[in-house]
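Let's take a look around a protein model together. Keep the structure open while you read, and find each residue as it comes up.

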Amino acid sequence: MASPGERRNLPEAQGPPKDHRANRLLAAMRPVDFALLEPHLKVVDLPRGAVVYEAGEIIRYTYFPHDAIVCLVEVMKDGRLVEVAMFGCEGVFGFLTALVSREALGRYMVLLPGTASQIAVERLQRAIRTRPHLRQLMLAYTEALLAQAFRTVACNTVHPVEARCCRWLLSTCDRVRQDTLPLTHEMLAEMLGVQRSTVSLVLRSLQTSGLIVQRRGGIVVTNRAGLEQAACECYGKIRSHFARLLPGTYGT
């Protein structure tokens, strides 16, 4: 019998061919390393709300997002979600936990739809074993990702919801490379681990302060500098880790 992960096949992307190097981590690879991976990369669609892996499922493919946002969340017994990490065009998911156990640590769910470059775990691991520069790049990303997860856990524990919301909006802007975010109050509430009514109050306050504008089906960041000042320290620290370890991959 096929596992849930095998039954949850992602569709191959339609339309004009997409450049795998829309993912900044793939773009940061040396040409010789990228050329080794390119024949085995396939562009797939990541529809909004899709669950790529559930906790405990065997990871068979690794994904390099282009414009999609994927979150790794822990699902509690009462159904609440706790964000652990976010993945976008700066990184890759389904790689770190596939190194030994091959089991997904939590639920990988698509928050914002888009596409990604998919590659079989074995192919990527084989290339990493034989290419020192590729191995160093992936190790640098692993360290940056662990730093992000560390800061996220600390942030969710000690910082007020408004500061965390600002951090979350900025992090999303960096990954989608635009200031218009197709986010709903429900999405933000799930990621921040609060009630929808709390998110509504926070967003109303940010709009009154002139930092954002709420529109039907989305949020527009109108004052990025002000939003950065209102965000907690975690946003800047996560960016600095990526800037030090993987220059040019996280955002501008």
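Start with the aromatic residues: Tyr53, Tyr63, Phe87, Phe93 and Tyr108 are joined into a cluster by ring pairs. The count of aromatic pairs comes to 7. Keep in mind that you're looking at a predicted model.

Now zoom out. The protein chain splits into domain 1, residues 20–132, and domain 2, residues 160–231. Their C-alpha centres sit 25 Å apart. So how do the two parts meet?

Across the boundary, 18 residues of domain 1 touch 14 residues of domain 2. Together the two domains bury about 1400 Å², and 62% of that is on carbon and sulfur atoms. On the domain 1 side, Met86, Leu111 and Leu112 stand out: they supply 35% of the area that domain 1 buries against domain 2, more than any other three residues.

UniProt, in an unreviewed entry, marks residues 159–225 as "domain: HTH crp-type". That span is 58% helix and 15% strand, and its end C-alpha atoms are 20 Å apart.

Next, the cysteines. How many disulfides does a search of the whole structure find? The search turns up 0.

| Cysteine | Nearest cysteine sulfur | Distance |
|---|---|---|
| Cysteine 89 | Cysteine 173 | 12 Å |
| Cysteine 232 | Cysteine 155 | 3.4 Å |

Terms used: Residues numbered from 1 in each chain as written. Predicted model: local features only at pLDDT ≥ 70, side-chain atom pairs only at ≥ 80, totals over all residues. Heavy atoms only, no water. UniProt positions renumbered as here; feature names shortened; annotations may be inferred. Helix = DSSP H or I, 4+ residues; strand = E, 2+ residues; numbered from the N terminus. Disulfide = S-S within 2.5 Å. Phe/Tyr/Trp six-rings, centres within 6.5 Å; stacked < 30°, edge-to-face > 60°. Domains from an automatic or database assignment. Contact = heavy atoms within 4.5 Å. Buried area = accessible area lost by both parts, 1.4 Å probe.
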